[in-house]
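Here is a set of questions and answers on one structure. Look it over before reading on.

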Amino acid sequence: MLKKTATVMTIVTGSLMAGAGCNNPGPQKDASADSVKTTPVQVQPYGEVDGKPVSQYTLANQHGMVVKLINYGGIITDIITPDKEGKPGNVVLSYDSLAGYRQKGNPYFGTLVGRYANRIAKATFKIDSAEYKLAANNNGNSLHGGLKGFDKALWQVTPLPGDSSLLLEYTSPDGEEGYPGTLQAKVIYTLTADNALKIEYVATTDKPTPINLTQHTYFNLSAGKEPTILNHVLQLDAPSFTPVDAQLIPTGKIEPVKGTPMDFTTAKPVGQDIANVTGGYDHNYVFDKAEMKVRGSLYDPSTGRVMTFSTSEPGVQFYTGNFLDGKLQHTRNGAVYGKNAGLCLEAQHFPDSPNQPAFPNVILKPGEKYTQTTIYQFGVK
Ligand code: BGC
């Protein structure tokens, strides 16, 4: 097993940006320091899905940062980081048990999302002349991979040597949720010595298929102190965005943010202009090009916590939890998650790309490798 996992690490780290089918350039510049051995990975029972065991895995480093995740949906249940006084707190919206993550209408708290994160218009797309139909699970469109996307899959989890990384693997069969091709997905979560959560993705297919993987954690850096993220200060290095229609489907245009409420190129509170954005922020921000670098930062003045965001992806969905309505059950410590209780920074290719020829390619072909690296790094100021 050690040999196998070591080989996988080599494959993953050695060729992350090479030969990607989705416009990822190489080589990669890694913003995190090498991970070092920390405490051994802890594994706890976390319930069952379809008679199969669900486990919770805990990664911890020597600076008091802890990340917990489960094999169901690859869900991150906890990111515990110290505030400016050194007091630890969980900075992600979460539930008290598996029942929370399994409830109808769970808005993808902490999940891995695939095969195609975000929306595909009219739940249909073509590859060459063949038309594919997906489940229309969002106003006639497809959202987040369909009825049973990667967020509801049981991933195989293997701790990697060094105790700071977990390899998650899922094979999505040909035709699953209407998508063509058997897709083999691997995700490595690493907690680094310098308080970063690094997420590396690799996927291959045996037939051309669209792919867009992401991580759907909702952050609230106050760890329960602030009911919303409206006072969080965000900076996002994105000069443009993809405008959407009333159903949040891109119009196909890419427009500059300058001089509009969409502009976060200079840091500002999330709530400053939100009233001038219909429905709140739920938009794909576009970077100048897809290359691995720091793309933004989030700061919570109430606790001093800061999170920097780096990704190799060409865009990020900035979502301010507009549809949270305080009705979710099984929340951690009975928290009421109302509108804007948390925000997501979902590294991604652009929504509806399979139907938008002008957007960067998302069709992965046999023999190609899909790759992505995204890093959330934590500190205080
Ligand atoms: C989407 C939102 C959606 C949320 C939860 C986000 O990625 O952009 O529109 O409500 O996920 O499903």
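This is a predicted model: local features need pLDDT of at least 70, side-chain atom pairs count only at pLDDT 80 or more; totals for chains, interfaces and linings use all residues.

Q: How much of the accessible area that the ligand has on its own does the protein cover?
A: Polar side-chain atoms reach ligand oxygen atoms from Arg119, at 2.7 Å, and from Glu346, at 2.7 Å. On its own, the ligand has 310 Å² of accessible area. The protein covers 94% of that.

Q: Of the residues around the ligand, which come nearest?
A: There are 13 residues around the ligand. By class, this shell has 6 nonpolar, 4 polar and 3 charged residues. Those that come nearest are Arg119, His144, His216, Asp282 and Glu346.

Q: Is Ser142 buried or exposed?
A: Ser142 sits in strand S10, residues 142-143. Its relative accessibility is 1%. The cut-off for buried is under 20%. Ser142 therefore counts as buried.

Q: Which residues is Ser142 in contact with, leaving aside its neighbours within four places in sequence?
A: Arg119 is one of them, and a polar side-chain atom of Arg119 also lies 2.7 Å from a ligand oxygen atom.

Q: Why is strand S2 largely enclosed by the rest of the structure?
A: S2 spans residues 52-60. It is largely enclosed because, of its 9 residues, the number buried is 7.

Q: In S2, what is the bridge partner of Val43?
A: Strand S1, residues 42-49, pairs with S2. The sense is antiparallel, over 6 bridges. In S2, Val43 has as its bridge partner Tyr57.

Q: In S3, what is the bridge partner of Gln56?
A: S2 also pairs with strand S3, residues 66-70. That pairing is antiparallel, over 5 bridges. In S3, Gln56 has as its bridge partner Ile70.

Q: In the hairpin of S2 and S3, which residue takes a positive phi?
A: The hairpin of S1 and S2 has 2 residues between the strands, and there Asp50 takes a positive phi near 50°. The hairpin of S2 and S3 has 5 residues between the strands. Here the positive phi is near 80°, and the residue is Gly64.

Terms used. Residues are numbered from 1 along each chain as its sequence is written. Side-chain values use heavy atoms; hydrogens and water are left out. Helices (H or I, at least four residues) and strands (E, at least two) are DSSP runs, numbered from the N terminus. Buried means under 20% relative accessible area, exposed over 50%, partly exposed in between (1.4 Å probe, protein chains only). Contact means heavy atoms within 4.5 Å. A residue is near a molecule or strand if one of its heavy atoms lies within 4 Å of it. A polar contact is a pair of N or O atoms within 3.5 Å; within protein, one must be able to donate a hydrogen and the other to accept it, and residues adjacent in sequence count only if both atoms are side-chain atoms. Accessible areas come from the Shrake-Rupley method with a 1.4 Å probe; for residues, only the protein chains shown count as cover. Ala, Val, Leu, Ile, Met, Phe, Trp, Tyr, Cys and Pro count as nonpolar, Asp, Glu, Lys and Arg as charged, and the others, Gly among them, as polar. Two strands pair if DSSP finds at least two bridges between them.
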